[in-house]
Amino acid sequence: MKQAENNEIEILLRGLAQREQAAANAQSVPQSAKADLPVGTSTHLDADELSAYAENALPLATRARYTAHLVDCDDCRKIVSQLSIATGRPAEARSAGHETVVSTWSEKLAALLSPRTLRYAMPALVLFAVIAVGFFVLRQQKEASLVAQRSAENSHVAETQAESKQLATSPAQSGTKTSGNEEQAGSQKHAKATSETDSKTSERAAGSAGAAASPTAAPAKDKESSKNEPVATARPSYAPEPSPSAKPTTETARAETAKVADESREKEKAAARKKEADKTGAFAVTASKDAPASPQTGSTQPSARKAKAAPSNARLMGGVAGGRADDQAEIRTIAGRRFRRQNGAWVDTAYDSSQSTTNVARGSDQYRALIADEPDIRTIAEQLSGQVIVVWKGRAYRIH
Amino acid sequence: MSERSLQIEKLVAEGAQRLLARADDRYSIDIEAVVPRARASLDKYLLRDAQDASAKAIADFLDQLQAGDLCLVLACERGDPSAWSDLVERYSTTVRSAARSAAGNEDAAEDVAQSIWAELHGLRLREDGRPASKLAYYSGRGSLAGWLRAVVTQLAVDQHRKQSRLVQTEEDADFDRLARDGVNGKEAPATARTTLNPENALSDKQERVEMEKALARSIKELADEDRLLVKLYYFDDLRLREAGVVLGVHEATASRRLARIHVELRRSVENILIKDCGWTKTETEKSFAELALHLESDIELLLAAEGVARDKSPRRAD
């Protein structure tokens, strides 16, 4: 729009100039009466003035006076133009003495922060701020939904947490019977790594107890824990089964503790469900309430950190205790997938607890769309009753 | 003598001494010759517009005088043969070049070049018996080369005018008329087009006249520097780079100024048309667009008719 307006005024200016030139040429006598006077007389600028002007060698006030003359005097203006062009000095160099030269840092800073510059910078900054806030808010929402999504699965973890406490009461029984010296060393190492990384949480207590109680899973996870975060080594109760080498010892431990575990599980499940009923559904709350189970946690950590740390605690302890429960689970293979029965749910052995899951209710539109696309999932869902967690094409689905 | 005058005298004397110290001393110029010249330059270019100029401003002004050139000129005025020899040797090329570009043809250029040396030497004698040389007008503010170019250009213009008047015969008048017709012929295509295209009758309407009057008035209301730029670019047909050289600014600066002037002119013309001519804003915008459209086609037709369109358009492009 602005460009169009500029073009219009430019065209008008050209038209006007053309008209005036034609009018001047139409006159028989050159331009005006004063043109008959020799240039250099009082009417015109003299040669010294012309050359000084052309060389930009005049004080500002004098130059302004001559400029006013040059605007109206075609003769002098043309001579000055010729002289200036013939001189051909770099314009900026000649004008350096007269134009405002920004030299000091304060002037440069002032120029940088001038409204002319900021008129472009401010909208960009505002836009950037809006994008940053939007990103932050969306991220927060996403995290909240993820926590909510996992709350259900983590409730199982909470159940096993109490179980692990129970198991911790008889570490010597299982630890000494089921593992050799090497395994014990491995479990201690694992316990050490765990306690180093989560020094403020109840993991320390639970981890050491769990490690002592079930050293079976620890050696198999040692490598993993040494290269990644130790918390990640702990798996929930429905995590994939441990490596075969760890299996015999796990089974032995199970035999020893099965009775105790069964009794305590029922009690703890009831307690955990009661707690869940009191909660809003978000795992963060669950965790923060569960965390005080460890005496070190509740008093030392801020609630926010507690909320974050507690799931991993629960997972860790659940993983340790879950190692027992896993051993009892039955395994079925459908459509090329292996499923382990864990806590009333069928869990794909390829499922990793760190994977995010998509909840799909049986009979829902989403479920119909899923089984339409993947008939094998339909087979799995039909053959396995209750809750099923299946990993399909890299994504985990919780069918319930 | 007032205190101010004494102060200025003192400053000029000190400035003249510094000037001699800066200059080549081979002509043995006396400070007595320098002081009146420096004072004249000071009065002409500084004190006339800034009577209360500070001592520092005066000293700076004097220190910016072209010491070497001024001493050479003073030596020539004094009749120093070596100075004349130096002057001719150094500046004969400059004079010839300036004469060639000002006179238009080689013969006229040679005439101008010869005349200028005579003028510089001084054909007439002054009251004190010395030749009345044009060199007396050199102030030392600009370079001697620039001053010589200016003198040559002025002389060429004067000679051209004199010759034009002397040989102005009836035949020339006929040629002038033909030339005028040719110039007027610039508008012939527009007229012809008007006949061909009735829509373009708009250009002859009252609104066009009012708009051009408003534009002319708006140009007059611009600052002198801006008016000069408009004159140089639109009326003298200079390129932006050349206009920038005249104004002492870079081409980019001239371009920015021109863009700002467009905006100012547009706003001013609209205001005049709305306030003084009773136009509405919509009418103004519509007329701008229509008139620009017609003028643009006028100019295109005109340039096409003259066959010079392609020579001109690259100049405008910059």
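**One residue, then the interface**

Guide: In this predicted model, Asn343(A) counts as partly exposed, because its relative accessibility is 27% and that class lies between under 20% for buried and over 50% for exposed.

Visitor: Where is Asn343(A) found?
Guide: Asn343(A) sits in the loop between β2 (337–342) and β3 (345–348) of chain A.

Visitor: And what separates the C-alpha atoms of Asn343(A) and Gln387(A)?
Guide: A distance of 9.7 Å separates them, while the two residues are 44 residues apart along the chain.

Visitor: New topic: how many residues of chain A and chain B are in contact?
Guide: On chain A there are 68 residues in contact with 69 residues of chain B. Leu12(A), Leu13(A) and Asp48(A) supply 11% of the area that chain A buries against chain B, more than any other three residues.

Visitor: What area do chain A and chain B bury between them?
Guide: The two chains bury about 6,200 Å², with 57% of it on carbon and sulfur atoms.

Visitor: How many salt bridges does the rule find across that interface?
Guide: The rule finds six salt bridges between chain A and chain B. Asp72(A) and Arg227(B) meet in a salt bridge through their side chains, at 2.8 Å from N to O.

Visitor: Which elements of chain A give two or more residues to the side that touches chain B?
Guide: They are α1 (2–26), α2 (47–54), α3 (60–72), α4 (74–87) and α5 (91–95) of chain A. The most comes from α1(A), with 19 residues.

Visitor: What kinds of residues make up that side of chain A?
Guide: That side divides into 32 nonpolar, 15 polar and 21 charged residues.

Terms used: Residues numbered from 1 in each chain as written. Chains lettered and ligands numbered in written order. Predicted model: local features only at pLDDT ≥ 70, side-chain atom pairs only at ≥ 80, totals over all residues. Heavy atoms only, no water. Contact = heavy atoms within 4.5 Å. Buried area = accessible area lost by both parts, 1.4 Å probe. Salt bridge = Lys/Arg side-chain N within 4 Å of Asp/Glu carboxyl O. Helix = DSSP H or I, 4+ residues; strand = E, 2+ residues; numbered from the N terminus. Nonpolar A, V, L, I, M, F, W, Y, C, P; charged D, E, K, R; others polar. Buried < 20%, exposed > 50% of the residue type's maximum accessible area, 1.4 Å probe, protein only.
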